[in-house]
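The tour moves stop by stop, each with something to select.

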Amino acid sequence: MRWLLESAEGLTPLSKSGVTPLGAGDSGAPVVAVIAGADVALHRMLLVESSPARRLEEARMRAVDLAAEPVDDLHVAVGEPDAEGASWIALVNRGAMAAHVAHFTAADAAPRHLTPAALLLPEHGGARP
């Protein structure tokens, strides 16, 4: 996997411990797009449902109370439950998500996965759930 951070200047390979870019040796490796934009809202919540499809539907229903726009205009992503049973829910406007994907695709790095940069912060970093 190649982890690429999106910025106004372009796409930058993320490095581990500031030494070697992750996946830098394999330009054909699948891309994980790391989005640092303020257009992604993260929420950590307990979901009742257990199957992935039902968890996504539950998250979409709960997004109605979290977002300032219609849920049909949102891309909603649900992370796996952690040890406490809580999951990260990411909300982003569908147009903004399409623009992120287009930015990576235009750089010949169509992403297989996308993740908000805030989720890569160390567990005891500045961000708190």
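**Stop 1: strand 5**

Select strand 5, residues 31–35. 5 of its 5 residues are buried, so strand 5 is largely enclosed by the rest of the structure. Buried here means under 20% relative accessible area, exposed means over 50%, and partly exposed lies in between (1.4 Å probe, protein chains only). Strands (E, at least two residues) and helices (H or I, at least four) are DSSP runs, numbered from the N terminus.

Before going on, note what you are looking at: this is a predicted model, where local features need pLDDT of at least 70, side-chain atom pairs count only at pLDDT 80 or more, and totals for chains, interfaces and linings use all residues. Residues are numbered from 1 along each chain as its sequence is written, and side-chain values use heavy atoms, with hydrogens and water left out.

Show the side chains of strand 5. Val 31, Ala 33 and Ile 35 point one way. Val 32 and Val 34 point the other way. All are buried.

**Stop 2: the sheet around it**

Two strands pair if DSSP finds at least two bridges between them.

Walk across the pairings:

- Strand 5 and strand 9 run parallel, joined by 5 bridges. Select Ile 35 and find Pro 116 opposite, in strand 9.
- Strand 1 and strand 5 are also parallel, with 5 bridges. Leu 5 has Val 34 of strand 5 as its bridge partner. Arg 2 stands opposite Val 31.
- Strand 1 (residues 2–7) and strand 2 are antiparallel, with 4 bridges. They form a hairpin with 2 residues between them. Glu 6 is bridged to Leu 11, and Ser 7 stands opposite Gly 10.

Which of them are buried? Arg 2, Leu 4 and Glu 6, which point to one face.

**Stop 3: the largest nonpolar core**

Select Met 45, Leu 47, Ala 59, Ala 63, Val 71, Leu 74, Val 76, Ile 89 and Leu 91. These 9 residues make up the largest nonpolar core, a core being a set of buried Ala, Val, Leu, Ile, Met, Phe, Trp, Tyr and Cys residues joined through side-chain atoms within 4.5 Å. Helix 1, strand 7 (74–78) and strand 8 (86–93) each supply at least two of its residues. Another core, of 6 residues, lies apart from it, with Ile 35, Ala 90, Val 92 and Ala 96 among them.

Center on Leu 74. Beyond residues up to four places away in sequence, Leu 74 touches Arg 60, Ala 63, Ala 67, Glu 69, Val 92, Asn 93 and Arg 94. Contact means heavy atoms within 4.5 Å.

**Stop 4: Arg 60**

Select Arg 60 in helix 1 (residues 52–66). Is this arginine buried or exposed? Arg 60 counts as buried, because its relative accessibility is 17%. The side chain of Arg 60 makes a polar contact of 3.5 Å with that of Asp 72. Such a contact is a pair of N or O atoms within 3.5 Å; within protein, one must be able to donate a hydrogen and the other to accept it, and residues adjacent in sequence count only if both atoms are side-chain atoms. Leaving aside neighbours within four places in sequence, Arg 60 is in contact with Val 71, Asp 72, Leu 74, Val 76 and Arg 94.

**Stop 5: the salt bridges**

How many salt bridges does the structure hold? There are 5, each a side-chain nitrogen of Lys or Arg within 4 Å of a carboxyl oxygen of Asp or Glu.

Finish on Arg 44, Asp 82 and Glu 84, which are linked in a network of salt bridges. Arg 44 and Asp 82 have their closest N and O atoms 2.3 Å apart. Arg 44 and Glu 84 meet at 3.1 Å, N to O. Arg 44 lies in strand 6 and Glu 84 in the loop between strand 7 and strand 8, so this pair ties together parts 40 residues apart in sequence. Arg 44 is partly exposed at 34%, and Glu 84 is exposed at 59%.
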